[in-house]
Structure formats: C-alpha cells, structure tokens
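The entries follow the order in which I looked things up.

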Amino acid sequence: MISRREFLYVPDDYQSEKASNSYLMSLIGITMGILLPVVHLFSTFFYFWGNRKGPFFVRWHCIQALSLQVVIAMVNVTAFIWSLYILFGPVEITNNYLGYILAMIVFNLASFIFTIYSAVQTRKGRHVYWYLLGPVTDLLCNRNRT
Amino acid sequence: MFTGTSSDPSPTYSATGTEHDPAMKKVINQFVITLAVFLLIWFLAGRIPFTRLIDFKAISRAGEEKLGNLSLDLLRKTDRPVISDSVVYYLDSIRDRICKANGIDPAGIHIYPFFSTEVNAFTLPGGNIVIYSGLIGYCNNGEELAAVMAHEIGHIEHRHVMKKLSKEMGISVLLAVTAGGTGAEFARNILKTLSSTAFDRKMEKEADSTAVRYLARADIHPRHFADLLFRFSKDDKDLPGSLEWISTHPESRGRAVTVLALSKNLVVKDVPVLSSAEWTQMQRILRTY
C-alpha cells in the first residue's frame with residue numbers, strides 16, 4: 001500500500017518538515033475533535049494552496065495528502081448524507097447502511113495510520129509513495145512549476 | 001501492508017502527454033482495484049446481521065420514554081394534572097377504540113389530561129399525548145376529541161416527534177435518546193418545542209390523512225374532524241391567540257377541506273365513542289376543577 005522510493009533529489013530539513021506538515025494538516029480536524037467530513041479536506045487544501053509554489057518535494061507530498069483527503073471526504077460525505085436521510089427522512093437503518101459505516105471506519109482508520117506513517121517518514125526526508133494516490137500525484141504534480 | 005524500500009523511481013514528472021499514458025493506465029487500474037476492495041468490504045460487512053443483533057428500535061424507545069417522562073415531570077410542575085378516574089377512563093376508552101381498530105398496541109400510547117384553559121393537545125416523546133381540559137371543553141362531542149387523539153396518534157406512529165426534535169434541537173436530542181443523559185433545561189426546551197410550535201406541513205398532512213383512516217376504521221366518521229377544524233378556522237378569526245392548537249396547526253380551513261375530500265368515498269357507521277351522558281359527565285368534572 002505504501003512504498004518508499006528514491007526522490008529526484010534529497011530534500012533538506014526545511015522541505016522535509018513542510019512536506020511532513022501536509023500530512024499533519026489532515027489530522028488537525030481529529031485533534032480538534034471535529035467530526036465533520038470536509039474539515040480535514042479544507043485544512044489540507046489550504047495548506048497545499050499556501051505551498052503551491054513551494055519546492056517540488058513539498059508540493060508533491062501536499063498533493064498526495066490532499067488526494068487522500070478528497071477520496072476520504074467522498075466516502076465520508078456519502079455516509080453523512082445517508083445518515084441525514086435516516087435521521088430526518090423515511091429511510092430506515094439497514095445492514096447495508098451499517099456495513100457502509102463499517103467500511104468507512106476501516107478506510108478512515110487505514111488512512112489515519114498511513115497519514116501518520118507518511119508524516120514520520122517524510123519528516124526524515126524519505127519519499128513515501130502510496131498505492132493509487134502516488135501515481136495520481138505524479139500526474140498532477142508538475143516538477144517544473146515554480 | 002508497507003512494502004520496503006524500492007529503487008524504482010517515480011515514473012515521470014514530465015507534463016508531456018505521451019509519457020502520461022502508461023501512468024494514466026496505472027491510475028485507472030489501481031482505482032478499479034481500490035474501488036473493488038471498498039465495495040467488497042462494504043458487501044461483506046453488509047452481510048453481518050446488525051439489525052438482528054442490535055435492537056435499535058428498543059434503544060430508541062427507551063431513550064424516548066426517558067425524554068417523555070422528563071417533559072411530563074416538568075409539565076406537572078407548571079400545570080395541574082386532571083386526577084379523575086372517570087376522565088382517565090373515558091379518554092382511555094377512546095384511545096383503545098382507535099388503537100384496536102388499527103392494530104396499534106394501546107399500551108404504547110399514554111393519554112395525560114391536564115387542567116388548562118388553553119385549547120391545546122400535543123405529543124411528547126415516548127408515545128405520550130397531553131390533552132388540556134380547554135380542548136376537551138372546546139369539543140362538541142367525543143368524536144371530535146377522538147379526531148384530535150387520532151391525529152396525535154398519527155404523529156406518534158409516523159415518529160414525527162423525534163424527527164421534529166432532531167430538526168429543531170439538533171444532534172443533542174439523538175445523543176439524549178441513545179445515552180439517556182438529559183438536564184432540566186433540555187426537557188424544558190423539548191416541552192416548549194412540542195407544545196408551542198408546529199410540525200411541518202408535510203407531517204401535519206400525513207397525520208391528518210392517517211387520522212382519517214384511523215377514525216374510519218374505528219367507526220368514527222372523519223367529518224367530526226373536519227367540523228372541528230372548520231370551527232377552529234372560524235374561531236381563530238374571532239378569538240385571536242386563545243386557541244393554541246390552531247397556532248400550532250395552521251390553515252385549519254384548508255385542512256378541513258382535505259379531510260372532507262379524503263373521507264368522501266368512505267362508508268363509515270359512525271358509532272359514538274361516548275354516550276351523551278358520559279360526555280356531559282366528563283365536561284362537568286373538568287368544569288369543577
């Protein structure tokens with residue numbers, strides 16, 4: 001799911017810290033106890049926006065962290081809307097709904113662990129490359145952009 | 001989970017189109033696999049019989065009962081309950097007739113008469129219906145009172161109370177239902193919300209049409225309901241502000257017309273719920289308070 005790869009250059013300590021922070025940003029909502037599904041997405045997006053002209057290593061990891069939050073937000077928003085329909089609409093609690101909630105919890109937990117692991121590794125200047133989101137980031141992140 | 005260090009460099013960081021084709025293919029492949037894994041987890045988790053293992057309705061019912069009891073305790077501090085075996089018996093007999101004719105367990109519906117000049121009736125969580133003596137006095141006969149009760153039972157059966165509370169008071173209500181921990185201020189808010197604000201139009205319409213069905217099955221003609229609503233709409237203009245049930249149930253005239261339309265093709269025997277002697281006795285008892 002996660003592999004460590006060689007980056008094009010060895011990032012310095014400043015870049016490693018900035019890249020590591022991009023992962024920590026997505027955890028801010030959790031530490032603040034905010035459970036709304038889009039808070040993590042916003043905090044990660046704003047961090048990316050602030051670093052969009054930063055060094056390549058920082059930008060690359062900002063986009064990888066952001067892409068994870070986009071995926072997780074989609075999963076969580078679906079659960080949120082479904083829950084609202086149950087609370088305020090005619091929809092009943094079903095095994096399918098609870099199965100979805102369980103799958104959502106599994107994905108959130110996995111993303112939480114991956115995020116912490118990635119934050120630690122990038123702080124050490126290591127390049128972590130996620131399954132699916134690594135290739136997506138390769139497509140999205142342009143090396144030459146300054 | 002974590003594959004170790006790899007010397008495989010990232011495929012490309014170039015923005016040129018042709019180099020991206022294999023990368024795009026890789027993204028699509030990995031996206032399909034990830035989606036399949038998620039769907040598989042969802043599918044397998046959905047096979048777990050959660051709803052059989054956990055009785056969500058029982059949890060919800062217990063919480064609702066607590067909320068209802070808290071609100072009733074609070075109401076007893078401000079309004080005087082009608083302590084009369086006869087009145088309770090008459091009200092319960094109307095409830096039983098509506099419930100039994102419609103396959104509803106009467107033990108789940110509790111009628112609490114309170115002494116007040118306010119013409120009002122409302123439903124509290126836990127299947128508790130509060131009826132003020134002012135409303136009983138306003139009704140011309142037992143059938144009109146039965147119509148009000150059928151309407152409130154409709155709200156209970158459609159779970160409108162908790163839906164309304166969830167909408168107006170937010171997630172705290174749901175937490176209170178599951179956790180059961182509530183304070184006096186919270187109960188006060190519930191009481192205020194349910195006794196003095198309206199359900200939304202859709203819920204009222206639903207409760208009205210349900211009431212028509214309940215009344216017809218219980219051999220009570222729904223026209224009594226329409227009569228009451230027509231009188232409400234008329235008296236609302238003459239006596240502004242005195243009829244609480246109207247302010248919480250707006251557009252009485254339109255609703256009366258709808259009730260008549262719904263009952264147009266119904267063949268109902270219309271058997272009185274109380275004899276005139278019983279009705280008179282109940283009115284007399286309430287007046288003496």
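This is a predicted model: local features need pLDDT of at least 70, side-chain atom pairs count only at pLDDT 80 or more; totals for chains, interfaces and linings use all residues.

Entry 1

Entry 2. I looked up how helix H4 (residues 85–101) of chain B is placed against helix H6 (residues 142–157) of chain B. Their axes come within 10 Å and cross at roughly 60°. Angles from 65 to 115 degrees count as roughly perpendicular and those under 35 degrees as roughly parallel, and H4(B) and H6(B) are therefore oblique to each other. I recorded the hand of the crossing of H4(B) and H6(B) as right-handed.

Entry 3. Which residues bring H4(B) and H6(B) together? From H4(B) I listed B:Ile94, B:Arg95 and B:Ile98. On the side of H6(B), they meet B:Gly142, B:Leu145, B:Ala146, B:Met149, B:Ala150 and B:Ile153. Sorted by class, this contact of H4(B) with H6(B) has seven nonpolar residues, one polar and one charged.

Entry 4. I then turned to the sheet. In chain B, four strands form an open sheet in the order E2-E3-E5-E4, and the pairing is mixed. Strand E2 (80–81) and strand E4 (121–124) of chain B are the edge strands, each pairing on one side only.

Entry 5. I followed E2(B) to its neighbour, strand E3 (residues 110–115) of chain B; the two pair in the antiparallel sense over two bridges. For B:Pro81, I found the bridge partner in E3(B) to be B:Phe114.

Entry 6. Finally, I returned to H6(B), which lies across E4 and strand E5 (128–132) of chain B. H6(B) runs at about 25° to E4(B).

Note on methods
Residues are numbered from 1 along each chain as its sequence is written. Chains are lettered from A and ligands numbered from 1 in the order in which they are written. Axes are lines fitted to C-alpha atoms, for helices over the stretch in contact, and angles run from 0 to 180 degrees between N-to-C directions. Angles under 35 degrees count as roughly parallel, over 145 as roughly antiparallel, 65 to 115 as roughly perpendicular and the rest as oblique. A crossing is left-handed if the near helix is turned anticlockwise from the far one by less than a right angle, and right-handed if clockwise. Two residues are in contact if their C-beta atoms, placed from the backbone, lie within 7 Å. Ala, Val, Leu, Ile, Met, Phe, Trp, Tyr, Cys and Pro count as nonpolar, Asp, Glu, Lys and Arg as charged, and the others, Gly among them, as polar. Two strands pair if DSSP finds at least two bridges between them.
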